[in-house]
Amino acid sequence: MPESSAFVVREQDVETLESPTRKLWLIADASDCCGALGANRLRLETGAAGAKLHYHEKSSEAFYVLDGRLDMVIGNEKQVVEKGGFVVIPPRMPHAFSAAPESIADVLVILVPGVDRFGYFRSLPRLLRGDMDPAEREQIAARYDVHVVGD
């Protein structure tokens, strides 16, 4: 068997992105761990939006609710996932999520196989403000495998 190194990240080394309604911990990008996965933690304040309806062509996305309640749309169904709940979204399945109106949502998110997406998360403020032309949005969707439905 070939030898490989384990990937270890410590809390003090994790990049965080914050806004008034969310905090995002960028834990592992695919290139950090042999392309195996990508991982982040997202805390949404009460009722805050997480992501519009979107899908990933190449990866499954798993959500583990650490605390609070996550309101999700998976395909055409609404789901409520409470603390301790776990959801796996297969490739090409549209999904969206937010914190419930009366609750925060603290969620560990894993993407398998990994896609380098830290650049996507860093560009989110510009995307959400609409500061990108359609061609740039299309390039970002292709590069980071995040395809917004109806965009």
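Predicted model: local features only at pLDDT ≥ 70, side-chain atom pairs only at ≥ 80, totals over all residues.
Local features here need pLDDT of at least 70, side-chain atom pairs count only at pLDDT 80 or more, and totals for chains, interfaces and linings use all residues. Residues are numbered from 1 along each chain as its sequence is written, and side-chain values use heavy atoms, with hydrogens and water left out.

Q: Why is arginine 122 called partly exposed?
A: Buried means under 20% relative accessible area, exposed over 50%, and partly exposed in between (1.4 Å probe, protein chains only). Arginine 122 has a relative accessible area of 44%, so it is partly exposed.

Q: What makes the pairing of arginine 122 and glutamate 15 a polar contact?
A: A polar contact is a pair of N or O atoms within 3.5 Å; within protein, one must be able to donate a hydrogen and the other to accept it, and residues adjacent in sequence count only if both atoms are side-chain atoms. The side chains of arginine 122 and glutamate 15 are joined at 2.6 Å.

Q: How do you know that the buried residues of H2 line one face of the helix?
A: H2 (residues 134-144) has the buried residues Ile140, Ala141 and Tyr144. Seen down the helix axis, they fall within an arc of 100 degrees, so they line one face. The arc is that of the directions from the helix axis to the C-beta atoms. Turned away from this side are the exposed residues Pro134, Glu138, Gln139 and Arg143.

Q: What makes aspartate 133 the cap of the N-terminal end of H2?
A: A side-chain oxygen of aspartate 133 lies 3.0 Å from the backbone nitrogen of alanine 135.

Notes
Helix = DSSP H or I, 4+ residues; strand = E, 2+ residues; numbered from the N terminus.
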